[in-house]
Amino acid sequence: MRFTLEALAQRFGLELFGDARSVIEGVCALNPGLPGHLSFCAESRFLVQAKSTLAPALVAAERIPGYSGNLLLARNPLLAFARISALFDDAYDFVPGIDETAVVAGDVALSPTVHIGPHAVVEAGVQLGEGCFLGPGCILRKGAILGAGCRLEANVYVGPRCRLGARVHVLPGAVIGGRGFGNVPGEKGWEEIPQLGVVRIGDDVEVGANTTIDRGALADTVIESGVRLDNLIQVAHNCVIGRDTAIAACTGLAGSSRIGARCMIGGAVVVGGHLTIGDGVTVLGRSGVTKSLSGPGVYGGFPAVPVKEWHYQVARVRRLNVLEDRLSVLEKSRVPGAGDDKNGA
Amino acid sequence: MRFTLEALAQRFGLELFGDARSVIEGVCALNPGLPGHLSFCAESRFLVQAKSTLAPALVAAERIPGYSGNLLLARNPLLAFARISALFDDAYDFVPGIDETAVVAGDVALSPTVHIGPHAVVEAGVQLGEGCFLGPGCILRKGAILGAGCRLEANVYVGPRCRLGARVHVLPGAVIGGRGFGNVPGEKGWEEIPQLGVVRIGDDVEVGANTTIDRGALADTVIESGVRLDNLIQVAHNCVIGRDTAIAACTGLAGSSRIGARCMIGGAVVVGGHLTIGDGVTVLGRSGVTKSLSGPGVYGGFPAVPVKEWHYQVARVRRLNVLEDRLSVLEKSRVPGAGDDKNGA
Amino acid sequence: MRFTLEALAQRFGLELFGDARSVIEGVCALNPGLPGHLSFCAESRFLVQAKSTLAPALVAAERIPGYSGNLLLARNPLLAFARISALFDDAYDFVPGIDETAVVAGDVALSPTVHIGPHAVVEAGVQLGEGCFLGPGCILRKGAILGAGCRLEANVYVGPRCRLGARVHVLPGAVIGGRGFGNVPGEKGWEEIPQLGVVRIGDDVEVGANTTIDRGALADTVIESGVRLDNLIQVAHNCVIGRDTAIAACTGLAGSSRIGARCMIGGAVVVGGHLTIGDGVTVLGRSGVTKSLSGPGVYGGFPAVPVKEWHYQVARVRRLNVLEDRLSVLEKSRVPGAGDDKNGA
């Protein structure tokens with residue numbers, strides 16, 4: 001694929017400065033950059049790199065002082081660059097068809113737009129929307145339902161009757177709809193509490209590699225539309241994650257926790273069971289949420305508190321040595337005997 | 001499946017109040033509840049929901065004031081409800097047989113009670129107990145041994161010579177018997193320490209999705225009977241986990257740590273290497289255990305301390321600002337010069 | 001395999017004390033030990049066990065007082081024992097050949113030294129070095145390149161165009177080259193930032209079970225030679241991990257973090273995005289790195305600080321009750337009224 005800067009500017013509504021006929025054949029990092037490729041400079045700290053890049057053109061938010069190359073100006077330069085990059089991304093291209101090694105139950109309706117890769121398994125009662133891609137080794141258990149345009153990369157597991165909306169993208173090794181961790185002590189040890197719910201996922205959701213989402217106990221586990229989950233995340237039974245919330249890797253949500261819409265949950269966060277996090281909440285990476293948090297707001301630490309309070313806590317702990325020293329000075333200066341319980345004053 | 005309340009009461013030894021002939025065709029959540037389904041109300045905070053539920057009958061511990069529906073009373077209502085729920089759970093049903101795409105070594109004895117799913121791999125020397133279920137994509141390496149009634153959901157890996165007892169349930173993507181992380185610096189970088197042990201798992205154990213249990217270096221890694229492991233847990237080489245202990249998701253046990261029997265280890269806990277945790281210990285979620293803990297008892301924080309001490313620590317850190325203020329007040333009031341080292345007093 | 005002690009001493013350059021013709025048929029743990037097997041005693045705390053071991057010979061650093069069995073002395077006894085152990089380790093033995101259930105693209109050159117196991121998938125353009133082992137269920141996407149002697153245990157995923165050097169060992173369920181977690185808010189929710197880079201891995205690297213390494217956005221994610229990654233680790237897009245660095249399980253590296261060479265990163269550590277950790281840095285388990293760390297040095301805590309400072313912080317927090325008590329004593333003893341703002345003094 002090759003595009004002139006003029007074509008890119010028109011297609012994405014960008015303001016062009018420089019040589020409109022300059023040809024772009026890909027995108028590249030700013031430093032060192034690549035001839036013939038478009039790069040990106042959105043932050044002032046990268047201005048020095050912009051001046052020496054080998055890339056003949058940049059996407060940016062405004063003119064760059066001292067930079068004499070071509071520019072595509074965008075109000076949201078990262079978004080514009082992402083959309084231009086997608087022109088050069090063939091990661092999602094596929095040829096429809098059913099691999100002869102796939103095992104597909106006889107009752108599954110197969111559109112000619114669907115791809116089912118080698119060694120995939122599609123059990124009875126599964127429904128596949130138009131244009132779905134099941135990569136190698138993916139497993140859809142009985143009655144699972146996928147909306148149009150879903151893409152399961154490889155070795156993805158979708159449990160019985162779990163439902164994915166349209167354009168859900170699941171990375172390799174993710175497990176959707178495993179048994180929730182429900183157990184009750186009986187006379188002879190743990191007994192399982194049957195997990196009769198499913199996982200329901202909305203549209204345009206991404207589920208990261210080796211992430212696990214358990215099915216619900218009685219009600220369902222719900223991931224609303226637009227949610228982005230990174231790798232190695234644990235979503236326990238009966239959690240609800242609200243629309244457009246993004247969660248970074250290694251985070252764990254305990255059972256029945258409810259995350260609001262448009263939240264940003266950092267990496268390696270732990271959210272306790274049965275808690276509610278309001279809409280628009282940001283939780284900093286590595287925090288531990290032990291109480292419900294109302295939104296919007298930014299929280300951090302363990303137990304998580306408003307970020308300002310957390311930063312104060314950290315600073316106060318760091319200067320505890322000063323506090324101890326100040327106290328020692330006072331102790332040396334106090335009036336001997338006065339108020340001293342041990343001396344019986 | 002349909003049961004009268006009377007039949008359920010008799011089968012599970014419950015006390016029945018209300019219409020004995022009321023027919024139950026499933027179980028449901030309390031709120032909003034479902035007609036024809038049985039629900040559950042064990043905690044007083046759910047009393048309001050109980051009164052408005054659509055469910056015609058509830059399992060509970062005692063009569064519910066103001067609730068006029070049918071009741072099944074149980075000493076342990078959650079346990080009773082779990083057992084009733086299991087009547088309606090078809091998750092473990094299967095038809096025995098060997099899928100034609102499975103690859104099974106010629107020396108493996110196959111009982112007619114066993115199910116081996118599509119694309120499963122069973123290497124030479126494997127022993128499978130009666131009634132085992134190997135879901136799609138499961139891999140049993142050379143000489144692995146499974147007791148009767150094991151269920152490996154899908155894409156489960158069991159390493160060479162690893163041994164599972166009876167009725168072990170392994171969720172998708174779990175890796176049992178990968179190489180332990182043993183390395184020693186040589187002249188040119190790390191060299192592997194061969195991991196010659198295996199993983200030995202007792203009876204009635206559950207292993208969660210994408211959980212990893214490494215094989216031992218010289219001795220074995222041991223998971224005793226009745227243990228419950230949630231998802232995304234790391235069990236390093238030579239760990240021992242005692243009988244009926246339950247561990248929540250995202251927890252990591254470093255090498256050679258020994259967890260006692262009947263422990264409750266929360267989610268995202270880290271247990272350092274070569275530590276011992278006694279029987280009956282509870283470790284709160286997100287704690288970091290840096291020293292051995294004697295049991296029974298409840299511990300929390302990082303480094304983990306008895307829970308009371310941890311709660312005090314958290315409270316003290318939170319009121320450090322008050323401490324600083326109190327100190328400032330004192331400093332302003334002290335007798336000038338007295339005990340002031342800098343002034344040479 | 002059977003070796004005399006003399007043969008072992010000669011092969012590995014060890015000093016032999018005792019019966020040179022004693023025959024060794026395996027290795028074993030020190031306690032209780034096994035007849036005919038070699039064991040290992042490197043630390044003085046194991047001296048008591050050495051005296052009662054059933055093993056007829058030990059590898060050690062020096063003569064053991066009171067021990068009368070055979071000895072092989074080594075300057076680095078663990079390294080010597082690891083190398084001897086490898087003689088008895090058949091975990092890496094395999095018979096070359098392509099399983100008939102593997103799906104291999106027609107353009108892939110297959111050396112007779114290569115093993116491709118059941119249900120493996122090798123897509124077009126893949127290059128496999130001599131002696132590679134692809135275990136059951138492994139998936140190599142388009143254009144992936146593996147150097148000589150790579151070993152992918154089972155269910156390993158290698159993304160398009162990702163490159164592994166020689167002798168890379170990947171444990172079951174690892175995902176190399178999944179999509180990086182790059183998203184940008186658009187008008188209607190998150191849009192993907194195409195992840196056009198790959199993962200490049202050097203020689204002699206180990207990647208643990210269910211570990212995930214994302215491909216880069218524009219540049220690549222890089223794992224240099226000699227790196228050892230344990231299980232369930234997250235390496236985000238555009239990270240760089242320097243030569244011979246070892247990282248323990250459950251650790252997460254956020255995007256574009258750079259870890260130096262010869263670092264030791266503990267388990268369950270979190271490293272923030274765009275941070276740099278210098279060469280030779282040790283980060284204690286469960287730390288959270290929020291700022292770049294210069295090397296060499298040892299760091300711990302959250303936010304991570306030099307280990308000494310962290311230990312002081314922990315100790316100070318633990319004695320906060322003492323601080324509060326000391327302050328109370330002072331308050332009781334202070335001159336009433338003096339410096340007391342509330343009283344208007």
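This is a predicted model: local features need pLDDT of at least 70, side-chain atom pairs count only at pLDDT 80 or more; totals for chains, interfaces and linings use all residues.
Colleague: What makes chain B and chain A related as by a three-fold rotation axis?

Modeller: Chain B is laid on chain A by a turn of 120 degrees, with a shift of 0.0 Å along the axis and an RMSD of 0.0 Å. The two copies are therefore related as by a three-fold rotation axis.

Colleague: What makes up the contact between chain C and chain A?

Modeller: Two residues count as in contact if their C-beta atoms lie within 7 Å. The contact involves 49 residues of chain C and 53 residues of chain A. On the side of chain C that touches chain A, β20 (175-178), β21 (183-186), β22 (189-192), α4 and α5 of chain C each supply at least two residues. The largest share, seven residues, comes from α5(C). By class, that side of chain C has 27 nonpolar, 16 polar and six charged residues.

Colleague: Which elements give two or more residues to the side of chain B that touches chain A?

Modeller: The contact takes 54 residues from chain B and 50 residues from chain A. The elements in question are α3 (77-87), α4 (307-318) and α5 of chain B. Of these, α5(B) gives the most, with seven residues. The side of chain B that touches chain A divides into 29 nonpolar, 14 polar and 11 charged residues.

Colleague: How do you know that the span of helix α5 of chain A is close to the one expected?

Modeller: Helix α5(A), residues 320-333, has 14 residues and reaches 20 Å from its first C-alpha to its last.

Colleague: What puts the buried residues of α5(A) on the same side of the helix?

Modeller: The buried residues of α5(A) are A:Leu320, A:Leu330 and A:Ser333. They cover an arc of only 145 degrees around the axis, and therefore lie on the same side of α5(A). The face turned away from that buried side carries the exposed residues A:Asp325 and A:Lys332.

Colleague: What do the buried residues of α5(A) pack against?

Modeller: They pack against α4 (307-318) of chain A, α5 (320-333) of chain B, and both α4 (307-318) and α5 (320-333) of chain C.

Colleague: How do you know that the buried residues of helix α1 of chain A share one side?

Modeller: In α1(A), residues 5-12, the buried residues are A:Leu5, A:Leu8 and A:Ala9. Their arc around the axis is only 100 degrees, which puts them on the same side of α1(A). Among the elements that cover them are β1 (3-4), β6 (57-60) and α3 (77-87) of chain A. Just after α1(A), A:Gly13 takes a positive phi of about 65 degrees.

Colleague: How is chain A divided into domains?

Modeller: Chain A has domain 1 (3-87) and domain 2 (97-308). Their C-alpha centres lie 36 Å apart.

Definitions and conventions. Residues are numbered from 1 along each chain as its sequence is written. Chains are lettered from A and ligands numbered from 1 in the order in which they are written. Domain bounds come from an automatic or database domain assignment. Helices (H or I, at least four residues) and strands (E, at least two) are DSSP runs, numbered from the N terminus. The expected span of a helix is 1.5 Å times one less than its number of residues. A residue is buried if 20 or more other C-beta atoms lie within 10 Å of its own, exposed if 12 or fewer, and partly exposed in between; C-beta atoms are placed from the backbone. The arc is that of the directions from the helix axis to the C-beta atoms. Ala, Val, Leu, Ile, Met, Phe, Trp, Tyr, Cys and Pro count as nonpolar, Asp, Glu, Lys and Arg as charged, and the others, Gly among them, as polar. Copies are superposed by least squares on the C-alpha atoms of residues with pLDDT of at least 70 in both.
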